[in-house]
Amino acid sequence: MLKTDEKKLTQESIRFLEFQLSEQTYAVELNKVREVIPPPDCTPVPKAPKFICGVMNLRGTVLTVIDLRQKMSIKPLENQAEAAVIIFELNGVFIGALVDRINKVANYELTKIQSICKSETDCYSIRGVLKSEDRITMWIDLDQIVENIASPANAA
Amino acid sequence: MDEFEIELKNDFLNEALDLITEVEKVFIQLENEPENSELINIIFRFAHNLKGTSRAVGFDQISQITHEAENVLLKIKNGQIQVTQYVIDILLQFSDIVSKMVIDLKLDLNSQFSISEIVEKLSDIANGKNKIVPDVQKIPQEIQDMAKEENVIEMHAKKPNQEVLKNELDKKQDVKKEDETIRVSLSRLEKLSNMTGELIILQAEMDQYLSTNTASSKIRRAFNKLCKEIQDTSMSLRMVPIQSTFQKLQRVVRDTSKVLNKKIELKIEGENTEVDRLVLEQLADPLVHIVRNSIDHGIELPNLRLETGKNEFGMLKISAYHQGNNLVIEVCDDGAGIDREKLTAIAKSKKIIDQNQVLSDEQALELIFHPGFSTKEKVTEVSGRGVGMDVVKTNIESLGGTIEISSIKGVGSTFKLILPLTLAIIDGLIVDVANQKIVIPRSQIQEIIKVNTNEIYNGVQGERFIKIRESVLTLNFLSDDFKRKSPDCIICLIIKTQTNYYAVAVDDISGQRQVVVKPAPKGSNFAKGVVGTTILGNGKPVFIFDLTEIYKKTKLQAKYLDAA
């Protein structure tokens, strides 16, 4: 992982996909996004924690969908008409994330990206802050989130 | 090592492994037909090829020993060395060592090996220390010839004139008559079969939609047929012939019979029978065990065979064929057969069964699958340690297969393995639990019965039991696992594990069909017993549960009587 991160940082800017959880804007690196789909019909996962919506069928591949709002303890918007699932590919693993709204693709110069100190345990799922003229956007550390949904059945 | 070099080395290793398996049977054939110069030519080309490429990618040790082997082969080719048993043994050792090196190198590209022993043996043979004096005069000439040969090859590469090209093309066309193969990554195959699955779902929907329009019926039929064919083809892509595994068995037969001084005539049938590669991989070890057992315990020593009026050569037949959706492999010998009385006596002396227990013929035969059971008084290199047949049984059962034995004392024994053709498709029962559908492998279900709630007995610690034909079984509720409530009337699946029986309650049964097994994605196996997922005809993913896994800790050991 570290190696690819370093490579990215040598570039001038990074492209992000911005989306909304409740009123706040969040972003993830665009190169991890495979596609965006409307919320699918999910099959619930027995004994799973609440933030796991279930599993879905994406053209023959079964993948897990997580609710990013539940995961980050954010109250979802009342109007779910624009809710969407972003399909990510992380190290060959596909995973879907339910969000309130997709905003846009945005380019951030490296100077506008400020990473967050990783040692602070309370911000483990935020990787950094993206600054623009009128607001700031949270850069979500997806690998960290996915890493943390280790299943007890697997661990045993 | 940079990435390119690693890739180069890995490519070489894969190719080498293919070459080695291909050439193995030639080595064995050589033993039977030492005069056949074509066989020597094939092995020589193999060694020459391997030497060149291994040196090119920097595996000097492989190139060193193949160089020595090449020397031996060259002299055999020129009639300077006779093909004796010893020579063949050493050549086989050489092929073993090379294939081991290749496998080890695949795991660690920097592996080093001690090769001095085999190099010495090979060079001893090449130098005529195998009691045959080579014609020393001839050697320099040979080297010159070889050098010339290599030059010619180089020239071809540099100046491909029309004639040469045409010859090469002709040659290639000759080879092309056989079906050509290419290497494809398994993940790509999986992607194709995933998409095919989706195509079939869409096709079903489309079919329903179009059925209102009669004009389209011709297109519809053609389309449906095509879809079916695409599905069949995509499933068949992962199938490989069983040949490679049978080749390994030839070798096992040869080595084992030599150690035990037995004479074997091996017959192989159906080596082109196809089976899923993943099944085949897990089948090799159990088969080796069975074949070794047949030779060690089954087939008698030559003089004993002659005394009993049998042919000096023991007959061992290994055959494979398809039967419905199963692969059947039979290992059949004309040896002494299994002595049921002896088995029972040993089982008693080892306290596996009670002193006065009476066993049926089948039960007595089943004893050989008991862990720690061995009838051999003496532990040999080949068998007799009492590990083996129980492992064989477990392996076969974990593949979803069964093993049957039939044996007549003095006439011989047959081991029959019945296996699913693929692990990718299972026979599944679709059941409803807590408003959710799940799939349970049919092979785990012994029986399905309906039970009224007033027929459930409560234990003191919250356990529940049901009574079925004189047996009392523990009753487990799947919906407890889903943490949801079940309705009143229940349907019970009687689940059979290797050691026990118990009942599992479900809400309803929706059907039965063959399902394609897909892995459970990350973040979906929180519940015990989730072994995979599958996509139903409506496109919805559901979980496949291994019920023997969930209730492993069921305490009550039930004696279960068949419905018969």
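1. Two strands are said to pair if DSSP finds at least two bridges between them. Strands (E, at least two residues) and helices (H or I, at least four) are DSSP runs, numbered from the N terminus.

2. The structure is a predicted model, in which local features need pLDDT of at least 70, side-chain atom pairs count only at pLDDT 80 or more, and totals for chains, interfaces and linings use all residues. Residues are numbered from 1 along each chain as its sequence is written, chains are lettered from A and ligands numbered from 1 in the order in which they are written, and side-chain values use heavy atoms, with hydrogens and water left out.

3. Chain B contains an open sheet of five strands with mixed pairing, in the order 16-8-9-18-17. Strand 16 (508-516) and strand 17 (530-535) of chain B are the edge strands, each pairing on one side only.

4. Strand 11 (residues 457-458) and strand 12 (residues 464-468) of chain B are antiparallel and share two bridges; Tyr457(B) stands opposite Phe465(B) in strand 12. These strands form a hairpin with five residues between them, and Gly462(B) in the turn has a positive phi of about 85°.

5. Strand 12 of chain B is also joined to strand 13 (residues 471-477) of chain B by five bridges, in antiparallel fashion. Here Lys467(B) stands opposite Val472(B). This hairpin has two residues between its strands, and Arg469(B) in the turn has a positive phi of about 40°.
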